[in-house]
Amino acid sequence: MNTMTMLGGLLALAIAAGCSPRDDDAAGPAQKAGKAIDEAGDKVARELRAPLEKADEAAKRVADRADEARDRLAERTDEAREKIKDATAEAERGLQKASAKVGEKVERAGEKMQESAN
């Protein structure tokens, strides 16, 4: 039941209670209506407190999980960057070795060409 409907119903009851005769004739209709409205408001507040607390706890859990997920993502991103950095450095070393070997072979081929030309 939505809160506005509940308050409207309680307000109607309070007004009706204020207009009907009671045993307690010392309080006037306005006082009775005011008391009924206060009691209705207290009842609605009590009924809404538990669901609001549950919603608040759920929101806190979601926020905590989001923080944990963000932290894990940051860690994994850092790990991936390190792996890429290491792989790049290893590839660079391999390229340097390959270049050196190609240079040696070209040098040997040049020497052989000079020898055969003589």
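Author: The model is predicted, so local features need pLDDT of at least 70, side-chain atom pairs count only at pLDDT 80 or more, and totals for chains, interfaces and linings use all residues. Residues are numbered from 1 along each chain as its sequence is written, and side-chain values use heavy atoms, with hydrogens and water left out.

The protein chain has 2 helices and 0 strands. Both terms refer to DSSP runs, numbered from the N terminus: H or I of at least four residues for helices, E of at least two for strands. Take α2. This helix covers residues 29-117, which is 89 residues. At 1.5 Å a residue, α2 should span 132 Å; the rule is 1.5 Å times one less than the number of residues. The end C-alpha atoms of α2 are 127 Å apart, which agrees.

There is a kink in α2. It lies at R49, is about 30°, and comes shortly before the proline P51. The bend is the angle between axes fitted to the seven residues ending at a residue and the seven starting there.

Now burial. Of the 118 residues of the protein chain, 8% count as buried (under 20% relative accessible area; exposed is over 50%, partly exposed in between, with a 1.4 Å probe and protein chains only). In α2, the buried residues include K32, A33, A36, A40 and V44.

Next, charge. The whole structure holds 5 salt bridges, each a side-chain nitrogen of Lys or Arg within 4 Å of a carboxyl oxygen of Asp or Glu. One of them pairs D67 with R70, closest N and O atoms 3.1 Å apart. D67 and R70 are 3 residues apart in α2, so about one helical turn separates them. D67 is partly exposed, at 33% relative accessibility. R70 also meets D71 in a salt bridge, 3.8 Å from N to O. D71 is partly exposed too, at 41%.

Another salt bridge joins R81 and D78, again with 3.8 Å between the closest N and O atoms. R81 and D78 are 3 residues apart in α2, hence about one helical turn. R81 is exposed at 55%, while D78 is partly exposed at 45%. Shared partners join D67, R70 and D71 into one salt-bridge network.
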